Amino acid sequence: MSEESIISLKNVNKWFGDFHVLQDVNLEVKKKERIVVCGPSGSGKSTMIRCINRLEEHQEGSIVVDGIELTGNLKNIDNVRKEVGMVFQQFNLFPHLSVKENITLAPIWVKKMPKAEAEELAMRQLEIVKIPEQANKYPGQLSGGQQQRVAIARSLAMNPNIMLFDEPTSALDPEMIKEVLDVMVDLANGGMTMIVVTHEMGFAKTVADRMVFMDEGKIVEEASPDKFFNNPESDRTKLFLSQILHQ
Amino acid sequence: MNEMNEVRKPPVATTGIIGWLRINLFFNWTNSLITLFVIYCLYQFIPWILDWTIFSADFKYNYLGEKITNQEMCSRNLDPENGGACWAVIYVRFYQFIYGFYPKVEVWRVNIAYAMLALALLPLLYAKLPYRKYFLYFTYIFPVIAYFLLNGGLGFTEVSTNKWGGLLVTLVLGCTGIALAFPIGIMLALGRRSKLPVISMMCTLFIEFIRGVPLITLLFFGMVMLPLFLPEGIDMDGLVRVLVAVTLFQSAYMAEVIRGGLQAIPPGQYEAAKSLGMSYWRMNLLIILPQAIRISIPPIVNTSIGLFKDTTLVIIVGILDLLGIGRGTLADTNWLGLSYEIYFFVSLVFFIFTFGMSRYSLYLEKKLKTGINMGAD
């Protein structure tokens, strides 16, 4: 593992039953690096990033996040999860809590932050995602784009070093995608380490430091965006790009 | 249409009382016929039931103006043409219906316990109660106070539970059963879904065993077998034994109801909670259970009402609850043949409590639903 790597996956293997979903995956992510992961559905990209905060368990190989190796050790898992924020395709806001409560919940209960301080923090995060006026509404009263921005604010409130995005715009209407991507671009420009699984190639071209293309559980190609889009090496990548860019 | 033409109103015939009547009661000729038939039945039934229960009924004195002390003095037994219900039996036996055989000198303690029960329920019924937090503290310690108050100890003379009866027993069994079964049921439901095979298997076994056995069997089990499991010299109170049986029975049902609610929570909720670094218990207490319990309110109240009524089964192990006192009264030669009055009264008391529970569940559902969309987006 190189010194500045904040995430390091080495020969990671995982099976769902007999299905070999991750096959010898190797990935090094440096601090402040922005990685965009793409690939056809079922290629294991979501599974890979879900292994990084242990929502899925890998069966072989090693995953080290910020110097902590992910094993069965529950304390290590909790520590990694405090470092790593995650945004989901389906937002996964807590529907029984208001927007503000969604954001303050983890700081208050996990970080033991005083309530007033947590609320102030929540308002700051809502300013960052540009919806402070929605603080007292419930998730069910918001549009998809607004919900996803609340989900981002909720993750950011834990002050993570790394953010994982699992197809954050796939469940959104076209006109809402932009408002979420804008927030993510701001975040990237602010120096956050990010791994983003997405099919938004425009976004990838703007912010990615490196593209990772996966197929059938393997990383097929890793390249700078420039090389990836203009001059990919593998035929599988070319086929994928021709389909996704010309649809 | 010109621009002055503001909002168009719906046709008169579909709004207001007349609209409602037309749509719901007289929509077409079959509908109208059914409506008329039902009105005719009500017209026949309501005056009769009002006459029987109130206008021709005896409350304390019969139609001759004598104070009723046994069934022969009831108006309807003196003159079958002339009498309705004979509520005097309830009046004379009222003390037993409400307190059982609790000593009269000590009965103020039961009255205080009843009043405290109402006070303890208050913060649960009114979310907007001022100083609700302090009322809730009282609700939590109420069971302890009630125990010493009713049973004795701490300077109160002891009143053995075999003197308890009537509504007192019904409420003690119902409230304790429901209140204890709720947390135990939650633990069992979480346990059954646990990833640890030993815990999951134990909880499943417990639930399936208790649920597979009739409550009567459990009551006999509590009465006869429970003492065998206890160390020598420890004598368990009869009512406590029954309480254990009732609570176990109810918690198995409660566990399954709550498990149903847990299953309705999308996996994304667990993942979001975990990704924020929450531990198992925090995730369940703060995220999962509040949603699961909210979904399960109707079945939770349903099983609770079921238990409240099932407490009447304790009669078979010799404990006299409200219904038991009623049946005891019927066996008294002084009051033979007044089963209508007694069963009517017992039913009415049960109905008041269960209807209250049912209304409370509707209120909760309404209150908790506001502004919340439980769907994925």
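Modeller: At the interface, 22 residues of chain B are in contact with 27 residues of chain A. Keep in mind that this is a predicted model. Together, chain B and chain A bury about 2200 Å², and 62% of that lies on carbon and sulfur atoms. On the chain B side, the residues that lose the most area to chain A are B:Glu271, B:Ser275 and B:Leu276, which together account for 26% of what that side buries. The rule finds one salt bridge across the interface of chain B and chain A.

Now for the packing inside each chain. In chain B, the axes of helix α7 (residues 167-192) and helix α10 (residues 238-263) come within 5 Å and cross at roughly 45°, so α7(B) is oblique to α10(B). Their contact comprises 19 nonpolar, six polar and three charged residues, and the crossing is right-handed.

In chain A, helix α3 (residues 99-109) packs with helix α4 (residues 115-128) at an angle of about 125°, the axes lying 9 Å apart. That angle makes α3(A) oblique to α4(A), and this crossing is right-handed. Among the residues making the contact are A:Ile103 and A:Ile108 of α3(A), along with A:Leu121 and A:Met123 of α4(A). By class, the contact of α3(A) with α4(A) has nine nonpolar, one polar and three charged residues.

How values were computed:
Residues numbered from 1 in each chain as written. Chains lettered and ligands numbered in written order. Predicted model: local features only at pLDDT ≥ 70, side-chain atom pairs only at ≥ 80, totals over all residues. Heavy atoms only, no water. Axes fitted to C-alpha atoms, helices over the stretch in contact; angles between N-to-C directions. Helix = DSSP H or I, 4+ residues; strand = E, 2+ residues; numbered from the N terminus. Parallel < 35°, antiparallel > 145°, perpendicular 65-115°, else oblique. Left-handed = near helix turned anticlockwise from the far one by under 90°. Nonpolar A, V, L, I, M, F, W, Y, C, P; charged D, E, K, R; others polar. Contact = heavy atoms within 4.5 Å. Buried area = accessible area lost by both parts, 1.4 Å probe. Salt bridge = Lys/Arg side-chain N within 4 Å of Asp/Glu carboxyl O.
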